[in-house]
Amino acid sequence: MNPSMPKGHLTEPEPLHGIKLILATIALGLGSFMNVLDISIANVALPTIAGDFAVSPAQGTWVITSYAVSEAIMLPLTGWLSSRFGEIKQFIIATLLFTLFSVLCGLAWSFPVLLIGRIFQGIVGASMIPLSQALIVKSFPVEKRGMALGIWALTTIIAPVSGPLIGGWLTDHYSWRWVFYINIPFGLLCTGLIYWLMKGRDNVPVKKPIDAMGLLLLAIGIGCLQIMLDKGNELDWFSSNFIVIVAVVSVISLISFIIWELGEEHPVVDLRLFKIPNFLISCLCLFIGSFAFYIFVVIGPLWMQTQLGYTPVIAGMVMASTGLLAIFAGPLFGSQLPKLGARRVATFGYICFAISAIWSGSMTTDVDFHYLQASRWIMGFGIAGFFVPLTAISLSRLKGPQIAAGAGLTNFLRNLGGSIGTALGVTIWQNDAIRNHAVLSESINPTNLQFMELSNYLTGMGLDEPAQLQLVDLLVSSQAYILSTNHLLTLSGLIMLSLIPIIWFAKPPFAAGGGGH
């Protein structure tokens, strides 16, 4: 930063107090919640959208892919954009444009127009989550920043589990277009409050040269990677020439990007942040933990809808119970981080996540709605204990503009871990079920006394042999998928447990020299 600038611009502004602090917290939380919600809420409406535009379900998934690709490319650029334009200005513009393109998506008169709206939603909305995180931290006094992170974390916790419930209800009772129109009041309220409350608090923009080569390599590498993850399962992964090509291009581009950025004087993404041990450890845990979290979040509802016959709304109600305890646990953990210790809270969160995941991974095919809900209650402690302390640790050694840059990178890695967990989780779930079906089917023969007893019973019920075999095949498929589901949910819990020793290599974020974050 230019030394000739007024001294007041070189330090962070004074924290907010009283009603202004409360309103700023609500506004920043709304902006983050709206953005995260938009990702999960649109998933539920995909079949309806595809039907309305007369496109195949495979084509319909581009509604998700187009957003994910553009957001993944722009997330690591948060630090560069906020330093160039100002954090508050960038957040306000991003939120307004996100709202505008949400209107375009709702009004879309053709499928290509909807995709264009989704692409621009991802481009402008990518910086909303990390900037809301950075701004809410700077708005609170140093001693209360743990609580600030706990409140902020609620947006990333509640939105993914409530999205399917809200999206299903809007689609069933109104129209899929309301999945996008719902952003309008939140976006306008958020930008209005932030403009009023944070006037004059923005950082001084720094005009650095544009790293065009780094930007190009990042866009190609991350774009191809996200397309591979989103379309891999649909195209049978590396048996598809298209997936092979985008994978090779992604690897070459990302390796070139890393080499280029480390030697660039004004990099578009500050990879040197990974030299900070706390930042590196928290990023690693967020990446791996998000991988496990999204396996749990995606596979459970997928099994409920395909095997139990639950509607998206009912499956969403089961998963929504996950967020109920998190509503209380997030601020509680955040406010007590300096006393309890971030690493202890994280360890407690990992254990709670593992208990819930392993419990959920011990289901049978006759499990009922209430039991499914009960098994997910304790997950509220798990995900709050996962996100809140890791966020505190990740920001604990960052200063000034590094906070926005670091928040952008941590959110990018969190999203990437979730994308990989979703893509691999669904593939493993399907392949494991096919393998289980083949193994179980080997027992269906005349030498199996239990099968013969069932066959005699069904014959007495008036079913002929083809009908019996069809019924048995349905029973075998049901067992094959419950085994696959249990395997993956248990695996997600074990992955979380494996992060416990890693987090203890980080230094306590609220100790001396920790920066108070």
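A cavity here is a set of points, on a 1 Å grid over the protein atoms alone, where a 1.4 Å probe fits but cannot get out, and its lining residues have an atom within 4 Å of a point. Grid points are joined across faces, edges and corners, and a volume is the space filled by probe spheres set on the points.

This is a predicted model, in which local features need pLDDT of at least 70 and side-chain atom pairs count only at pLDDT 80 or more, while totals for chains, interfaces and linings use all residues. Residues are numbered from 1 along each chain as its sequence is written, and side-chain values use heavy atoms, with hydrogens and water left out.

By this rule there are two cavities of 30 Å³ or more. The second largest cavity has a volume of about 30 Å³. Its lining consists of Gly-300, Trp-303, Ser-360, Met-363, Leu-372, Arg-376, Thr-485, Asn-486 and Leu-489. Two or more of these residues come from each of helix H13 (277-307), helix H16 (369-377) and helix H20 (465-498); helices are DSSP runs (H or I, at least four residues) numbered from the N terminus. H20 gives the most, with three residues.

The largest cavity holds about 70 Å³ of space. Around the largest cavity stand Gln-133, Trp-152, Thr-156, Leu-286, Phe-387, Thr-391, Ser-394, Thr-410, Asn-411 and Arg-414. Helix H8 (145-173), helix H17 (379-395) and helix H18 (401-441) each supply at least two residues of that lining.

Note on methods:
1 Å grid on protein atoms, 1.4 Å probe; cavity = no way out; pocket = protein on both sides within 12 Å on 5 of 7 lines; lining within 4 Å.
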